[in-house]
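Reader: Please take one part of this model and go through it closely. What does it touch, and how does it sit against its neighbours?

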Amino acid sequence: MHLTTLNKNNCKVRNLKYKEDIAYITKHNKWILKSIGIWPSVLKSVSRFLPKIMFGFNNFVLLFSVIPCILYIVYEEKNIMIKFKLVGLLSFSLIALIKYWTLTYRKPRIKDCIEQIWIDWEQVELHEDRKVMLKYGQIGRNLTIICAVFIYTGGSIFHTILQYKIGTFIDEHNRTIKPVVYPTYNALFDVQKSPIYELVYLLHSICGYIMYSVTAGSCGLTALFATHACGQIDIVIARLNDLIHGKYTKNTFNLNTRLVKIVKHHLRILRFSESIEMALQELCFLECIGSTFLICLLEYYCITDWELSNTISLTTYTMLLISLTFNIFILCYIGERLMEKSSSIGLSCFMIDWFQLPTKTIHDLILIIAMSNNPIKISAGSIVDLSLYTFGGVLKTSLVYLSFLRTTIM
C-alpha cells in the first residue's frame, strides 16, 4: 500500500503524515533538549539568539553551584565521610557540565542527524515502511520516557525530600543552619541570610534540572538516532527480500533499478551512522567513564545508608543508582542492536534466491555483503564500542572499585 498521492501534474507527493510522525517520535527529546537550548531550531529574528542566551544562563547556574561546592570541600569541610559523599555529587555535576559543553559543541552534527531523519520520513512511500519506522520510533520514544522518569524522579527526591529530611539544625556557634543542595563556601557569601538563601536554593534547583536534562537528553538522542537507523536497515532488508520478485515495485522498476535503490539506501544509512558516531562519541565516552565511577559511589552510599537505616537517603541513592545503570545499559544495548542489525544485511543477501539472479547482479550483491562485514558501531570516544560486553565491563569495574573502597574506608 502506497502512502504517496499524485498532484495535478501527476508528480509524486511523499508521505503526507511525516510531520505528525516526526512530532510523535521526537516529542519528548524535543521537550528535554529545547529546555536547555540544545535542540536545533529554525527560528528567525530575535528568537534565534534564545539558545545562546540559554547557554550563557545555564553555564552561569552550573558554575555557580559547582565552584562554591569545590571550595567548601577543599577549605571548610573537615569530616572525611561527608567529604566523600560530596565528591559523588560534585563528580556528577562536573560530568554533566562537560556533557553540556559537548552537546553544545556537537549541536551542528546533531542538527544534521535530525535533518536526515526528517528526509527519511518525508520520503516514505509504502505503508509497510511507515509501520517499520513507527515501530522503531516507538521503541526510541519509550526508552527516552523511561530514562527521563528515572533520572527526574531520583533528582526530585534528592532536591526536595532528602533536603527536607536533613532539615534545619543549630550549629556549635548557636546559628540556625538551613539545608542547601550544594554546600557553599562561606567566604564568598552568607547563604543562610534571607533572601540569599531562597535565591541560592532556586538556582540549585535549576542546576539540578539542567544536569538531569543533560543526562536524559543524551540517552534520548542516542535512542532516537540508533532506533531510526535500525528501522532503515529493516527497510533495506525488506527490499533485498523483494529484489527478485519486485512485489512492491513491480511494473515500475526493473531488477537493476531496484538494486541501485537498495545500494543507495544502504549507503545513506552508512553515512547517517557516521554522523551519529561523530555527534555522540564524546558523550558516550563521558557516560561510560562517569557511570563506572558514579555507580561505584552510589553502591557505597546505599550500603552505608542501609547499615545506618537511613530510609529516605537509601531510597534516593537507590533511585539514582537504577537510573544511571539503566542509562548505560540502554546505550550499550542500542549499540549491540545496531551492530546486529547492520550485520544482518549481509545475511539477507545470502538468504534470498540469489541463484535466480543474473551473474552481474550476484557480483553486486557481493559488494553489499562486503560492506556489511564492517557493521555499524557506536563507540565511546573511538576507544571502546558500545555493546552488552561493555556494559558488563562497566559493572565489573564499578564492583572492583566498590570492593577497594570498602576495604580502604570501612
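Author: Helices here are DSSP runs of H or I with at least four residues, and strands are runs of E with at least two; both are numbered from the N terminus. The model is predicted. By that assignment, residues 80–101 are 100% helix and 0% strand. The end C-alpha atoms of this stretch are 31 Å apart. The unreviewed UniProt entry annotates residues 80–101 as "transmembrane region", along with 53–74 and 315–334. The span 315–334 is also 100% helix and 0% strand, with its end C-alpha atoms 28 Å apart.

Now the part for the close look: α4. Helix α4 runs over residues 107–122 and has 16 residues. From first C-alpha to last, α4 reaches 22 Å, close to the 22 Å expected at 1.5 Å a residue.

Which residues of α4 are buried? They are K107, I110, C113, I114, Q116, I117, D120 and W121. These buried residues pack against several helices: α1 (18–34), α2 (50–76), α3 (80–105), α5 (127–159), α7 (196–241) and α8 (255–307).

Take α8 from that list. α4 and α8 pack at an angle of about 150°, and their axes are 8 Å apart. Angles over 145 degrees count as roughly antiparallel, so α4 is roughly antiparallel to α8. The crossing of α4 past α8 is left-handed. On the α4 side, the contact is made by R109, I110, C113, Q116, I117 and D120. α8 contributes R268, F272, S275, I276, M278 and A279.

Notes: Residues numbered from 1 in each chain as written. Predicted model: local features only at pLDDT ≥ 70, side-chain atom pairs only at ≥ 80, totals over all residues. Heavy atoms only, no water. Expected span 1.5 Å × (residues − 1). Buried < 20%, exposed > 50% of the residue type's maximum accessible area, 1.4 Å probe, protein only. Contact = heavy atoms within 4.5 Å. UniProt positions renumbered as here; feature names shortened; annotations may be inferred. Axes fitted to C-alpha atoms, helices over the stretch in contact; angles between N-to-C directions. Parallel < 35°, antiparallel > 145°, perpendicular 65-115°, else oblique. Left-handed = near helix turned anticlockwise from the far one by under 90°.
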